[in-house]
Amino acid sequence: VTSAVAVALGVVLAAVPLVNAGSLRPVVGAVAALAPAIVCAALFGLVSVLPWGLGLLAFEYGVVDLARHEPLVVAPFFGAGLLVLAELVYASRELARGAEEGPGRRLAWLVAVAACALAAAFVPVLAVGVGGPSGLAAEVIAVGASVIVLGASAVLARRVRPAGRNPGFH
Amino acid sequence: VIRSALPKLPCYAALAAGALIAAVTLGRPELVSLAAPFALFLAVSLARVPAHDVALELRLDRERAIEGDELELSLGLSSASGVERLELRPRFPFGVEPIGVPVPTLALPPGGEHELDVAFRCRRWGAYGLGALEVRAFDRFGIVVDEATVEPALTLRVYPRAERLQRLVRPLTTQPFAGNQVSRAKGDGIEFADVRSFAPGDRVRRINWRVSARRQGLHVNESHPERNTDVVLFLDTFAEARRADESTLDRAVRAASTLADAYLETRNRVGLVDFGGIVRWLRPASGLAQDYRIVEALLETEVAFSYVWKKTDVLPPRTLPPQSLVLALTPLLDERGLDALLDLRGRGFDLAIVEVSPLGYVDLPRDAAGRLALRLWPLWRSALRYRYEQLGVPVVEWREGEPIAAAIEEVRSFRRYARQVRV
């Protein structure tokens, strides 16, 4: 089921830029044909080629987007779709390695990833749409926000394990 | 435990970075929408990489089994930290094969426990280390994996399955101790042997009154006494012919176990000589303990490659008692084994050879030279058998699929009709 959904999603993602390609349709069409084929290859075990398939889909989108005067409005959906496609392919390969207890967990996980990806993809769109503040106060807030983001990253990077635990297999 | 990144991590990182760079260089902010889901996924997943803590407990329902038995390996799993996805791949040694469905991927909640039973079949005799496992614990996001290999911690001894033998090869001479073998000599016993004239010292109860009345003189019955015998099982382990799942040695060990069982049941003394790259021996003894000793020794039997030319003089003298019956189980493949058997016959032992035929283990050659060699090989083996038979040694070909009882019966029939040669 996950493989079939992944192939269908791959075809849809390849077709979206193709519809808006205009005069670039022959070139984009070739890429659009190749990308789902690579996704299929990944589903049949060549997981290492999946980044190339996702990259081609992103490239196809970027080319069509650049060729147009106005940006494609489906960008958040396309970004979220790429992530869900990748998750579906990896899930297919994991399930192919062996049966799994509780298939409902996997489904819930994919739905959650899709929702979060969609939300994350809409953040840049909203950010672009909002007029940026200016002035000293805005710069202070921006610097403060940067420090908080960097600090949080540093804390995450230096995260230590809780004392008294000895993780591992024994 | 080895922690490594899964292919998903570099894949997502490359996509996020590529889309972000494209957005900045091309000045198209909508491309950030392509990067944002991947970047968020990586940020959250890397922040939540867990430290897996898994405890494994392995149990075996029995430590001893017989070939063909089906057993269960129980895996007790517990985790204080919890594992989102746990893959277990039990590794079974050659001779033990898993049956049923493969082990499913598990999810262990924090503090959770799980019990798994893995069924397997003992296909071949031997002493096996069980419990080897490949354990892989994945995080929730599938970007890192903790891998560990658990070494075998349990020992399983699989004994050869013994066949039923109706009759055994009778020795030419028996030993002086009481047993179940009817001796060829005359003495006190149950089996009637002959009638002879009365001699001073004969017991009155042995007088055959009917014959005495007819012959007008006292005659007594003579009988064969029941004695035991010394049997030495001689296992030639210099070489074997092997297919993927079976070899001549496997069959020889099964036959040796069957013969040891049968001879010990009839109160004989049985010894074992494992004559090959490594020479092992067990002095003849009787009883249940000796049966266990022999079977345990047989489990260690293997073909050890060696260039050393060994003769039977490396064996301690008490391993081969005088007048013992030597039953050799050999594929007749190595010159050293052939030479040792001739040497035993030369030393006057009562020798019988069961040839564990290697012919069934040879693939049909495709080239003409190979086919010619395959035709010549059985002829050469026939000549070899004839050489032993000329010395009064029965050589019986025990083919694959035949019961050992058939080969034993053939040895008996050869010994019944063949002329015994004194060498």
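This is a predicted model: local features need pLDDT of at least 70, side-chain atom pairs count only at pLDDT 80 or more; totals for chains, interfaces and linings use all residues.
**Entry 1: chain A overview**

I started with the make-up of chain A. I counted 6 helices and 1 strand there, and from the N terminus on I read the order as α-α-α-α-α-α-β. Chain A has 170 residues, of which 35% count as buried. I then looked up how far apart in sequence its contacts reach. Among contacts in chain A with a separation of 6 or more, 69% join residues 24 or more positions apart.

**Entry 2: helix 3 against helix 4, chain A**

At what angle do helix 3 and helix 4 of chain A pack? For helix 3 (residues 50-67) and helix 4 (residues 75-97) I found about 170 degrees, with the axes 11 Å apart. Angles over 145 degrees count as roughly antiparallel, so helix 3 of chain A and helix 4 of chain A are roughly antiparallel to each other. I noted their crossing as right-handed.

Next I listed who meets whom. Helix 3 of chain A brings Leu50(A), Leu54(A), Leu57(A), Ala58(A) and Tyr61(A).

**Entry 3: helix 2 against helix 4, chain A**

I stayed with helix 4 of chain A and turned to its packing with helix 2 of chain A. Here the angle is about 30 degrees and the axes are 9 Å apart. Angles under 35 degrees count as roughly parallel, which makes helix 2 of chain A roughly parallel to helix 4 of chain A.

From helix 2 of chain A, Val39(A), Ala42(A) and Leu43(A) take part. They meet Leu85(A), Val89(A), Ser92(A) and Arg93(A) of helix 4 of chain A. I sorted the residues of this contact into 5 nonpolar, 1 polar and 1 charged.

**Entry 4: the cores**

Which residues touch the most other members of the largest nonpolar core? My list reads Leu54(A), Leu57(A), Leu82(A), Leu85(A), Val89(A), Tyr12(B) and Phe41(B), out of 49 residues in that core. The elements giving two or more residues to this core are helix 1 (2-19), helix 2 (25-43), helix 3, helix 4 and helix 5 (103-129) of chain A, plus helix 1 (8-26) and helix 2 (32-47) of chain B. Helix 4 of chain A gives the most, with 11 residues.

Leaving out neighbours within four places in sequence, I found Leu85(A) in contact with Ala6(A), Leu9(A), Gly10(A), Leu13(A), Val39(A), Leu54(A) and Leu57(A). I also noted a second, separate core of 37 residues, which includes Val169(B), Leu327(B), Leu329(B) and Ile408(B).

**Entry 5: helix 6 against helix 7, chain B**

Glu335(B), Leu338(B), Leu341(B) and Leu342(B) of helix 6 of chain B meet Trp380(B), Leu384(B), Arg387(B) and Tyr388(B) of helix 7 of chain B. This contact divides into 6 nonpolar, no polar and 2 charged residues.

Is Ser183(B) buried or exposed? I looked it up in the loop between strand 13 (178-182) and strand 14 (191-197) of chain B. Its relative accessibility is 6%, so Ser183(B) counts as buried. Beyond four places in sequence, Ser183(B) touches Thr174(B), His224(B), Pro225(B) and Arg227(B). Ser183(B) and Pro225(B) are 42 residues apart along the chain, with C-alpha atoms separated by 5.6 Å.

I then turned to phi. Most residues other than glycine have a negative phi. Gln323(B) has a positive phi, near 65 degrees, and lies in the loop between helix 5 (288-299) and strand 20 (325-330) of chain B. With a relative accessible area of 48%, Gln323(B) is partly exposed.

Leu332(B) also has a positive phi, near 55 degrees. I placed Leu332(B) in the loop between strand 20 and helix 6 of chain B. Leu332(B) is buried, at a relative accessible area of 1%.

How values were computed:
Residues are numbered from 1 along each chain as its sequence is written. Chains are lettered from A and ligands numbered from 1 in the order in which they are written. Side-chain values use heavy atoms; hydrogens and water are left out. Axes are lines fitted to C-alpha atoms, for helices over the stretch in contact, and angles run from 0 to 180 degrees between N-to-C directions. Helices (H or I, at least four residues) and strands (E, at least two) are DSSP runs, numbered from the N terminus. Angles under 35 degrees count as roughly parallel, over 145 as roughly antiparallel, 65 to 115 as roughly perpendicular and the rest as oblique. A crossing is left-handed if the near helix is turned anticlockwise from the far one by less than a right angle, and right-handed if clockwise. Contact means heavy atoms within 4.5 Å. A nonpolar core is a set of buried Ala, Val, Leu, Ile, Met, Phe, Trp, Tyr and Cys residues joined through side-chain atoms within 4.5 Å. Buried means under 20% relative accessible area, exposed over 50%, partly exposed in between (1.4 Å probe, protein chains only). Ala, Val, Leu, Ile, Met, Phe, Trp, Tyr, Cys and Pro count as nonpolar, Asp, Glu, Lys and Arg as charged, and the others, Gly among them, as polar.
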